[in-house]
Amino acid sequence: MKILFIHGLASSGAYRMASTLRILFKESEVIAPDVPIEPDEALALLQGICRDEQPDLIVGHSLGGYWAQKLRGFRKILINPELHVSRFLRQRIGTMEYLSPRRDGALSFEITEEICDGYEALEQTEFDGLTPEEIALTTGVFADRDELVDCREEFEGIYPGRAHIFPGGHFPNFNQIKQHIFPIIGQTIKE
């Protein structure tokens, strides 16, 4: 099985959730790119990976969940997805440090009004083209104590019956992923 992991804001393909997926899915290939902050570049990169690699499953965390749900036609798990990226980023204009190492060695990145505007433009069509088949391909997994993002209610309205809750916060640790999220992924793969 081939899994595409999409990290969240201020992270990278080296984020610990990618490593956890590699441990839990030993027989699978986990593709975990460093996603650019610029929305057009990020979307082009991820669409290219999907076209070239044809992943069996996409797992997106936080901002990665936003990107995952935009990649139509693939089975996907959105973990604590941020569905309103522009609003979230507008509260963080300025320089931010990366929380995990990037392949290019970058230590920080800049959130600008232009980047926020780019996300806002993409959000205008965020849920366009959702067919019953696409809804059935999408599963949301939400922490019951998420300290950063709370889009569960909105997700449940758009993807009825497709949400699961696990005990934890925005950044699930290895044990939370193994005990609560891994079984949901396994169940989703079998659907």
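Q: What separates Arg152 and Glu156 in helix H7?
A: In this predicted model, Arg152 and Glu156 lie about one helical turn from each other, because they are four residues apart in helix H7, which spans residues 152-158. An α-helix has 3.6 residues a turn, so residues three or four places apart point the same way.

Q: What makes Arg152 and Glu156 a salt bridge?
A: The closest N and O atoms of Arg152 and Glu156 are 3.9 Å apart, and the definition asks for a side-chain nitrogen of Lys or Arg within 4 Å of a carboxyl oxygen of Asp or Glu, so the pair is counted as a salt bridge.

Q: Why are Arg152 and Glu156 called neither buried nor exposed?
A: Buried means under 20% relative accessible area and exposed means over 50%; Arg152 has 29% relative accessibility and therefore counts as partly exposed, and Glu156, with a relative accessible area of 33%, is partly exposed as well. Salt bridges that share partners also occur in this model, where they join Arg90, Glu113, Asp117 and Glu120 into one network.

Q: How do you know whether Arg103 and Asp34 are buried or exposed?
A: The relative accessible area of Arg103 is 61%, and the limit for exposed is over 50%, so Arg103 is exposed. For Asp34 the value is 15%, and the limit for buried is under 20%, so Asp34 is buried.

Q: What can be said of Arg145 and Asp144 by the same tests?
A: Arg145 forms a salt bridge with Asp144, with the closest N and O atoms 3.0 Å apart, and this value falls within the 4 Å limit. Arg145 is exposed at a relative accessible area of 53%, whereas Asp144, at 42% relative accessibility, counts as partly exposed.

Q: What makes the buried residues of H5 lie on the same side of the helix?
A: In H5, Ile115, Cys116, Tyr119, Leu122 and Glu123 are buried, and they cover an arc of only 120° around the axis, which puts them on the same side of H5. Glu114 and Ala121, on the other side of H5, are exposed. The elements that cover the buried residues include H2, H3, H4 and S6.

Q: Why is S3 described as mostly covered?
A: Five of the five residues of S3 are buried, with Leu57, Val59 and His61 on one side and Ile58 and Gly60 on the other, so both faces of S3 are covered. In a regular strand the side chains alternate between the two faces of the sheet. Strand S4 (residues 76-79) likewise has Lys76 and Leu78 pointing one way and Ile77 and Ile79 the other way, and all are buried.

Q: How do you know that S3 and S4 are paired strands?
A: Two strands pair if there are at least two bridges between them, and four bridges join S3 (residues 57-61) to S4, which run parallel; Gly60, for instance, stands opposite Leu78 in S4. Four bridges also join S4 to strand S7 (residues 138-143), again running parallel, and there the bridge partner of Ile79 is Val141. S1 is joined to S3 by four bridges, and these strands run parallel, with Ile58 in S3 as the bridge partner of Leu4.

Q: Which elements make a right-handed β-α-β unit?
A: The unit consists of S3, helix H3 (residues 63-70) and S4.

Q: Which residues touch the most other members of the largest nonpolar core?
A: Of its 36 residues, these are Leu4, Ile6, Leu9, Ile58, Trp67, Leu89 and Tyr119. H2 gives the most to this core, with five residues.

Definitions and conventions. Residues numbered from 1 in each chain as written. Predicted model: local features only at pLDDT ≥ 70, side-chain atom pairs only at ≥ 80, totals over all residues. Heavy atoms only, no water. Buried < 20%, exposed > 50% of the residue type's maximum accessible area, 1.4 Å probe, protein only. Helix = DSSP H or I, 4+ residues; strand = E, 2+ residues; numbered from the N terminus. Right-handed = clockwise from strand over helix to strand, strands pointing away. Core = buried A, V, L, I, M, F, W, Y, C linked by side-chain atoms within 4.5 Å. Arc of directions from axis to C-beta. Contact = heavy atoms within 4.5 Å.
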